[in-house]
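Let's take a friendly walk through this model together, with an eye on confidence and on the aromatic rings. Please have the viewer open as you read.

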Amino acid sequence: MNLNIKKISIFIGILLIIGIMIIFGLFKYNIKLKNYFENSNRILKYLDYLKKEQYKLNYLVLRDTFYLYENNDNIMKEINIIENKINLIKKDKFFKENFPSTYNKFLKYIYIYENDKNNIYRFFTYNSLIKNATI
């Protein structure tokens, strides 16, 4: 009888240790999962912000096309804002390591953006000639 109580108490002790280890493992997993989702959400907010700024830049360029006395400083500020955000996202190791295919698409976006930016600069030149001739 004494032997059975000893076996049962050892079994309960082992179950208790296993239970504590499982709870500790789940706690650590929860922390890692929370960090992963927070970082993913941060990247998503960066990309959404970048999209909104790109729309704003497109609007400013379109507006500059129609209005005769439009200042190009707003467009240059917008280009600087977009480039700062691009550099911030490009340096993010979490984004590069955890979302490689999306990061590669982001690099393609940067290439397209650079072409668009060069076209905007060319547009400034041609548009200023047209506006000066109109004035």
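What follows begins with the confidence scores and then turns to the aromatic pairs.

Keep in mind that this is a predicted model. The protein chain has an average pLDDT of 89, and 95% of its residues score at least 70. Among the elements of the chain, the highest mean pLDDT, 93, belongs to helix α2 (residues 73-90), while the lowest, 87, belongs to helix α4 (residues 100-134).

Now to the rings. How many aromatic pairs does the structure hold? There are twelve aromatic pairs. One of them joins Y103 and F106, with 6.3 Å from centre to centre and 40° between the planes. Where do the two residues sit relative to each other along helix α4? Y103 and F106 are three residues apart in this helix, so about one helical turn separates them.

Are these two residues buried or exposed? The cut-off for buried is under 20% relative accessible area. Y103 has a relative accessibility of 7% and therefore counts as buried, and F106, at 4%, counts as buried too.

Another tilted pair is formed by F123 and F124, with centres 6.5 Å apart and planes at 45°. Of this pair, F124 is buried, with a relative accessible area of 13%.

Y103 and F106 belong to one aromatic cluster, together with Y36, F37, F94, F95, F99, Y109 and Y113.

Methods: Residues are numbered from 1 along each chain as its sequence is written. This is a predicted model: local features need pLDDT of at least 70, side-chain atom pairs count only at pLDDT 80 or more; totals for chains, interfaces and linings use all residues. Side-chain values use heavy atoms; hydrogens and water are left out. pLDDT is the predictor's confidence in each residue, from 0 to 100. Helices (H or I, at least four residues) and strands (E, at least two) are DSSP runs, numbered from the N terminus. Rings of Phe, Tyr and Trp (its six-membered ring) pair if their centres lie within 6.5 Å; planes under 30 degrees apart count as stacked, over 60 as edge-to-face and the rest as tilted. Buried means under 20% relative accessible area, exposed over 50%, partly exposed in between (1.4 Å probe, protein chains only).
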